[in-house]
Every structure is written in structure tokens, then in C-alpha cells.
Amino acid sequence: MTDLLTTRPESLHLGHPIIDRTHDEFHGLVAKLNAAGLVDFILHFAALASHAEEHFAKEQQLMRQSHYPADQMETHLRDHLMVLQEINRLNAMVARGSVAAARVYVSDLLPVWFEQHNLAHDGPLVSHLKRANLASSLG
Ligand SMILES: [Fe+2]
Ligand SMILES: [Fe+2]
């Protein structure tokens, strides 16, 4: 179990309202999953799969709207796709009642991924969005 599960969501905010709100939702779902019994775990894992689709689509839209550099967009989207494929693969197992691998995923692997993804991808994206916003407000 990593720090994500004991850290206050606000302390992970990057300073962009849409991304921070989305990350709070992610954080809330991961916390719920880690406290859930079997039935709730199955329900919340399906919610995590839906959340991940929307979360990544929102960031992709922000990248497109702000003309994010293509090379950074490509590596960022590749990292989203990798985790989305893993969540969907596990969700199919969870839906059949096989939760052991998914429990390890949400307690150990996904929190570590989130921290690393924030540092490598979402943090730089927010810096870019702030610069783009400043440039447009300066005219
Ligand atoms: Fe994100
Ligand atoms: Fe991201």
C-alpha cells in the first residue's frame, strides 16, 4: 500500500481545476476499492473502468485544445492506453468474481502508477496549460 491511500487528495493537486477534480474522483474510487467487501469491490471496479475512460478523454481534449506538443502528447496517451488496457482486462476478471489480481492492482500498482504518471505527464501538462492560459490572456 503506498502513500496515495494515506495522503490527502488536496496535497496532490497540480493547480488545474478540471484535472484536480478528476484526480480527486480517481483518488476517491481507489480509496473506496481498498475498503470494499466483495460486492462493493465489483461495483466500484466497474466504476473505476468508466472513470478511467472519462479521465483520460478529458486530458486528451485539454491537450488538443491547447496545442500540446505532439511528442509529449504521444507518450502521455500511450501511458493512458497501457493502464486503460490493464483496468479493462482486470474488470473482465472482476465481473466473473475473480478479484485477487485486481485487489493487488488497486492497493499497490495503481497508486504507484498514479504518482509516477503525475510526475512524468500530468504535472508537465498542467504547466503547459498554465503557460497557454497566460499567453492567451496576454493577447
Ligand atoms: Fe490524470
Ligand atoms: Fe494523464
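**Where the labels come from**

Mentor: Let's begin with a burial question: the buried residues of α1 are covered by elements that include α2 and α4 (100-138). Keep in mind that this is a predicted model.

Trainee: Okay, which residues of α1 are the buried ones?

Mentor: They are I19, L29 and L33. To be called buried, a residue needs 20 or more other C-beta atoms within 10 Å of its own.

Trainee: How do you know on which side of α1 they sit?

Mentor: Those buried residues, I19, L29 and L33, cover an arc of only 90° around the axis, so they are on the same side of α1. Over on the other side, P17, R21 and A35 are exposed.

Trainee: How do you know whether the span of α4 agrees or disagrees with its 39 residues?

Mentor: Same kind of check. At 1.5 Å a residue, α4 should span 57 Å, and its end C-alpha atoms are 53 Å apart, so the two agree. There is a bend in α4 too, of about 50° at N118.

Trainee: What covers the buried residues of α4?

Mentor: The cover includes α1, α2 and α3. Among the buried residues of α4 are Y105, L125 and L129.

Trainee: Now S66. Why is S66 called partly exposed?

Mentor: Count its neighbours: S66 has 16 C-beta neighbours inside 10 Å. Exposed means 12 or fewer and buried means 20 or more, so a count in between is partly exposed. That is why S66 gets its label.

Trainee: Where is S66, and what does it contact?

Mentor: S66 is in the loop between α2 (38-65) and α3 (70-95). Leaving aside neighbours within four places in sequence, S66 is in contact with H128, L129 and A132. Also, the C-alpha atoms of S66 and L125 are 9.7 Å apart, though 59 residues separate them along the chain.

Trainee: Last one: how do you know whether the whole protein agrees with a compact globule?

Mentor: For 139 residues, a compact globule would have a radius of gyration near 14 Å; the protein has 16 Å, so it agrees. As for the labels, four helices and zero strands are found in the protein, and buried residues make up 18% of the 139 residues.

Note on methods. Residues numbered from 1 in each chain as written. Chains lettered and ligands numbered in written order. Predicted model: local features only at pLDDT ≥ 70, side-chain atom pairs only at ≥ 80, totals over all residues. Helix = DSSP H or I, 4+ residues; strand = E, 2+ residues; numbered from the N terminus. Contact = placed C-beta atoms within 7 Å. Arc of directions from axis to C-beta. Expected span 1.5 Å × (residues − 1). Bend = angle between axes of the 7 residues up to and from the residue. Rg over C-alpha atoms; globule rule 2.2 N^0.38 Å.
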